[in-house]
Amino acid sequence: MHIDKHQITQHNEQLEVSHRRRFMRLADELPNAEQVIGRLVDFEVAIPSWALGTGGTRFGRFSGGGEPRNLEEKIADIGVLHALNRSSGAISLHIPWDIPEDYAAIRSLAQQNGLVFDAMNSNTFQDQPGQTLSYKFGSMQHVDKAVRKQAVEHNIEVIKHGIELGSKSLTVWLADGSSFPGQLNFRKAFQNTLESLQEVYEALPGDWKMFVEYKAFEPNFYSTTVGDWGQSLLYSNKLGDKAYTLVDLGHHLPNANIEQIVALLLMEGKLGGFHFNDSKYGDDDLTTGSVKPYQLFLIFNELVEGMDNRGMDHTNDLGWMIDASHNLKDPLEDLLQSVEAILIAYAQALLVDRVALVEAQAANDVVRAQELLQQAFRTDVRPLVAEARLRAGGALNPLQLFRELDVRGQLISERGTKTTATGL
Ligand code: RM4
Ligand code: MN
Ligand code: MN
């Protein structure tokens with residue numbers, strides 16, 4: 001499945017007149033439309049290899065048709081997304097689900113699709129066929145040194161695959177924790193995990209980053225060994241300059257103030273990566289922006305303010321990634337929606353009048369401060385996002401074109417109706 005330039009051009013020609021009208025009206029009202037467009041053109045969000053198949057719940061999995069059967073097909077799927085929106089030019093691999101057989105071939109396939117390799121993910125939350133020791137009672141925290149060693153070696157293996165592909169970061173998410181009080185000694189579990197992470201850190205190339213992802217609960221339900229941003233920050237501070245905290249939006253307890261967490265991690269120079277998704281209750285992994293778009297905007301507001309405060313490059317200094325996995329929608333349509341929601345929230349955050357906000361805060365003008373944020377949030381920035389995409393060579397309406405071209409139908413005829421992507 002490949003999308004030709006002329007198919008995009010043809011689609012854009014049909015929508016051009018009405019787009020131009022809406023865009024001109026909006027650009028006219030905004031003081032910084034061109035600057036926002038420039039930022040949007042540069043912005044990239046990595047796509048996780050495990051989001052391309054239909055996700056399941058613990059009760060069942062309903063595979064969709066045409067799911068990618070191997071790494072090559074996953075790269076092709078993300079190539080389609082990137083051709084449509086020009087903002088998904090990176091793939092994040094999960095090992096062992098995506099072990100490359102031929103590095104050079106995979107690198108060149110990615111290049112043909114305009115993709116680079118984002119963070120590599122290790123997996124010590126499942127036992128693999130033929131694995132010597134089990135992770136049933138944890139991996140890096142395990143009471144048995146031999147299990148910890150196996151987990152460390154797996155992570156070093158993942159780094160090696162990443163080096164071959166040109167990745168520059170490793171994300172470690174651990175399912176480690178306990179489900180019953182008394183099961184674990186919290187301090188020992190922490191120390192064991194720290195020691196294991198230190199060994200992995202030692203193997204990290206000089207220009208790599210390590211992201212320590214936290215999660216409040218699940219699969220363990222009493223304690224998690226990297227359970228919140230405080231614990232993740234402890235680990236990354238102890239590990240060193242190449243270690244950072246990774247925030248996954250779905251990994252907090254209900255109603256957590258994620259925007260405040262983001263602000264403080266940025267202040268400490270310890271925010272490294274970001275996993276976008278949305279949720280109502282727990283780690284629901286729903287489409288980004290589908291449930292709480294205002295929260296997404298408030299998070300972006302802190303991201304933009306905090307990155308600017310430290311002189312950070314918006315596109316490259318943080319690892320941006322979607323981490324969602326769905327069981328109702330076409331995964332590719334879902335990802336197109338997520339990327340769009342991210343770009344919308346980012347554009348809105350770029351519209352906040354920062355000078356006026358600082359003044360309102362200094363004057364304790366609470367009403368004005370709220371008005372300034374909501375003025376930005378209530379602006380329909382979709383024409384700016386579409387204009388950025390147009391200038392970057394993408395489709396004015398990626399989702400519409402995806403359906404017009406019957407991409408899923410073509411994938412089903414290429415791959416069949418009963419394919420199952422490796423992953424969760
Ligand atoms: C976890 C976490 C990780 C991802 C796995 C598949 O809940 O979000 O980032 O590696 O799911
Ligand atoms: Mn995640
Ligand atoms: Mn998750």
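Me: Which residues does phenylalanine 274 touch, leaving aside those up to four places away in sequence?
Reply: In this predicted model, phenylalanine 274 is in contact with Leu246, Val247 and Leu249, with Val262, Ile299 and Leu303, and with Gly319, Trp320 and Met321.

Me: And which residues have the most contacts inside the largest nonpolar core?
Reply: They are Met210, Phe274, Phe276, Phe300 and Leu303, in a core of 110 residues. Helix H10, residues 331–351, gives the most to this core, with 14 residues. Another core, of five residues, lies apart from it and includes Ala46, Trp50, Trp97 and Met321.

Me: How does the chain cross from S8 to S9?
Reply: It passes through helix H8, residues 258–267, in a right-handed β-α-β crossover.

Me: Now the metal. What are the protein donors of the manganese ion, ligand 3?
Reply: They are His251, through NE2, and Asp283, through OD, at 2.2 to 2.3 Å from the ion. Histidine 251 belongs to the loop between S8 and H8, and aspartate 283 to the loop between S9 and helix H9 (293–309); the two are 32 residues apart, and the pair links distant parts of the chain.

Me: Is histidine 251 buried or exposed?
Reply: Histidine 251 has a relative accessible area of 4%, so it is buried, the cut-off being under 20%.

Me: What separates ligand 3 from the manganese ion that is ligand 2?
Reply: The two manganese ions, ligand 3 and ligand 2, are 4.0 Å apart.

Me: One last topic, helix H13. Which of its residues are buried?
Reply: Pro383, Leu384, Val385, Ala386, Glu387, Ala388, Arg389 and Leu390 are buried in H13. Because eight of the ten residues of this helix (382–391) are buried, it is largely enclosed by the rest of the structure.

Me: What do those buried residues pack against?
Reply: The buried residues of H13 pack against helices H1 (5–29), H2 (33–42), H3 (71–85), H10 and H14 (398–404). Just after H13, glycine 393 has a positive phi of about 95 degrees.

Methods: Residues are numbered from 1 along each chain as its sequence is written. Chains are lettered from A and ligands numbered from 1 in the order in which they are written. This is a predicted model: local features need pLDDT of at least 70, side-chain atom pairs count only at pLDDT 80 or more; totals for chains, interfaces and linings use all residues. Side-chain values use heavy atoms; hydrogens and water are left out. A crossover is right-handed if, with the strands pointing away from the viewer, the path from the first strand over the helix to the second runs clockwise. Helices (H or I, at least four residues) and strands (E, at least two) are DSSP runs, numbered from the N terminus. A nonpolar core is a set of buried Ala, Val, Leu, Ile, Met, Phe, Trp, Tyr and Cys residues joined through side-chain atoms within 4.5 Å. Buried means under 20% relative accessible area, exposed over 50%, partly exposed in between (1.4 Å probe, protein chains only). Contact means heavy atoms within 4.5 Å. Donors are N, O and S atoms within 2.8 Å of the metal (3.2 Å for Na, K and Ca); water is not among the atoms, so sites may look incomplete.
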